[in-house]
Amino acid sequence: MVEFLQFTLSGIVFGMIYSAIALSLVLIWRGTRLLNFAQGGMAMLTTYVAIEVIYKTHSYWAGFVIALVAGLILGAASELTVVRPTAGKPELNAVIVTIGLLILFEGLAGIFFGGQYRSFPAAFSVTGLRVNGTPLGVSRFDVFTVAAVLATTLILAVTFRYTTAGLRMRAAAFNATVARLSGIRVGRVLTVGWALAGLLGALAGVLVSPSTFLYPNSMDAIFVLGFTAAVIGGLDSPAGAVVGGLLLGVGLSYVGGYLNSDLTSLVALGVLVVVLMIRPNGLFAGARMRRV
Amino acid sequence: MSSGTNGSGPAVGSDRDGAAGGSDRDGAAGRSASLAVDGLVAGYGEVIALDGVTVMAGAGSITAVLGAHGAGKTTLLRAVSGMIKARRGRILLADHDVAGRSPEQIVRAGIAHVPEGQGVIPELTVEENLRIGMMSWRRGPRAGRVAALEEEYARFKPLADRRRKPASTLSGGERQMLVIARALLARPRVLLLDEPSLGLAPRVMAQVMDLIVQLSRERGLTILLVEQNARSALAIADHGVVLNLGRVVASADAAILATDVALRHHYLGF
């Protein structure tokens, strides 16, 4: 029973990381019908920025905040320079462009920071917490991880739902033509969407890197898992991204705990294939047809 | 009912009247503005859909744009609102050329386009759909926007009844009201309507036509009306233009067009 609790809790922690990546992918997908293959690469780069800042300033929080800001900037810059020119052209162009960005980011990281594995500090203690002597399997840092992702998600959700800026983004995502004809500067909205996606990726990066170590390819696996979570929840659904992440995190935690930890990658990919075959719109997608 | 110059956010009012010379306002005095299209050439890729079209719509008038499918009527509206780029020619809003501007700029200049197929966003509520119409306003006090919304709710009661419900729950006629109300909230001087009666029952169609006449008389809106149903369009229009294969083949007072039997048979099908 204690084992079950531990697996569940640690599954929730990793699940939140996958949710953050999934959310960033959903943000971009809803706005532009693009899958941002470079999302993991962006998260990796901003985490390198964080570690350099932490070394120079000896302040974790300075690194944390600057990573988030770097995420905003990197996301916006990517959209403006490389992705915007692909609008209106064949969709394959945009796919190739984001893959190209990924290769570029990983290459740049290798050149500037080197390929060796680096350890990344955690914001809080990573010692396991205990309740009445029973180890919970999660630490203070894990609690912070869950809280940080939840808080960010809630802030974004409230902004989207209740503010005019959020309405602008939703309108542009649902029907760009109507949005344009109403005076919404859809281009700007897209840039903001990519900036927010960059922020989410940066958050995921600093939260997961203490566990995975930091190296140019460190976010590749996380990206695949985040993508799987997004597909499970439905690429159109932010709520689905969060739930998909949690389901995946907890599910993989059980697989690793009860079966074999070597199986988790296999199971993750298996889940991805099965969902794409059976219910490609995801669990949460409505029957909405895509407007041509 | 409002005179048309107040009831909107103060920022919009002063900008519309040309004060302060904002760069995306064409400072024409007063509310009504004429719309003229001069030698317009536009198309899609290799296909030229408009081949030198000239149309004059006087300020405050209703101009019917008629013709068979593929004649270029929808393309004309799209070129005026900036959805597609004019390759040649001018688009004159009260004598200011707005050709080449983006749709976002053109709606701020005072031309609102209600495309064919309505464009209600079903996932959003009625009120959210309407609020989108005010996105072109300059920043101003919230009270102005609330007042403008209430004004539209007063005119369109069914929308007021459903304001917090998803727009997907509206009937065809109500959706048409919604998109027209949304366009009106942009405080345009020119309104482009593409097939507003499409898919509507005859009684509802008549209501929409009455509404269009009201908008023209009350607010001095210049209206360009594309309609497959030429008969009902000519019944309310001041002037009519007939397009065929991207060219203007007839341009006359609506009453004269309606009685020209040869023309009607040849181009309009009645």
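Mentor: Welcome! Two residues are in contact if their C-beta atoms, placed from the backbone, lie within 7 Å. This is a predicted model, in which local features need pLDDT of at least 70 and side-chain atom pairs count only at pLDDT 80 or more, while totals for chains, interfaces and linings use all residues. Residues are numbered from 1 along each chain as its sequence is written, and chains are lettered from A and ligands numbered from 1 in the order in which they are written.

Trainee: How many helices and strands does chain A have?

Mentor: Helices (DSSP H or I, at least four residues) and strands (E, at least two) are runs numbered from the N terminus. From that end, the elements of chain A run α-α-α-α-β-β-α-α-α-α-α-α-α. The count is 11 helices and two strands.

Trainee: What box do the C-alpha atoms of chain A fill?

Mentor: Picture the chain laid along its principal axes. The C-alpha atoms of chain A then fill roughly 65 × 45 × 35 Å.

Trainee: What percentage of the residues in chain A is buried?

Mentor: Buried residues have 20 or more other C-beta atoms within 10 Å of their own C-beta, placed from the backbone (12 or fewer is exposed, in between partly exposed). Of the 292 residues in chain A, the buried share is 47%.

Trainee: What share of the contacts in chain A with a separation of 6 or more joins residues 24 or more positions apart?

Mentor: Take the contacts in chain A whose partners have a separation of 6 or more. Residues 24 or more positions apart account for 72%.

Trainee: Are α1(A) and α5(A) roughly parallel or roughly antiparallel?

Mentor: The axes (lines fitted to C-alpha atoms over the stretch in contact, with angles from 0 to 180 degrees between N-to-C directions) of α1, residues 2-32, and α5, residues 140-162, of chain A come within 9 Å and cross at roughly 30°. Angles under 35 degrees count as roughly parallel, over 145 as roughly antiparallel, 65 to 115 as roughly perpendicular and the rest as oblique. That angle therefore makes α1(A) and α5(A) roughly parallel.

Trainee: Which residues of α5(A) meet α1(A)?

Mentor: On the α1(A) side are Ile12(A), Val13(A), Met16(A), Ser19(A), Ala20(A) and Leu23(A). Their partners in α5(A) are Asp142(A), Thr145(A), Val146(A), Val149(A) and Thr153(A).

Trainee: At what angle do the axes of α7 and α8 of chain B cross?

Mentor: Helix α7 of chain B covers residues 172-185, and α8 of chain B covers residues 202-219. Their axes come within 10 Å and cross at roughly 15°.

Trainee: Which residues of α8(B) make the contact with α7(B)?

Mentor: From α7(B) come Gly172(B), Gly173(B), Gln176(B) and Ile180(B). From α8(B) come Val204(B), Gln207(B), Val208(B) and Leu211(B).
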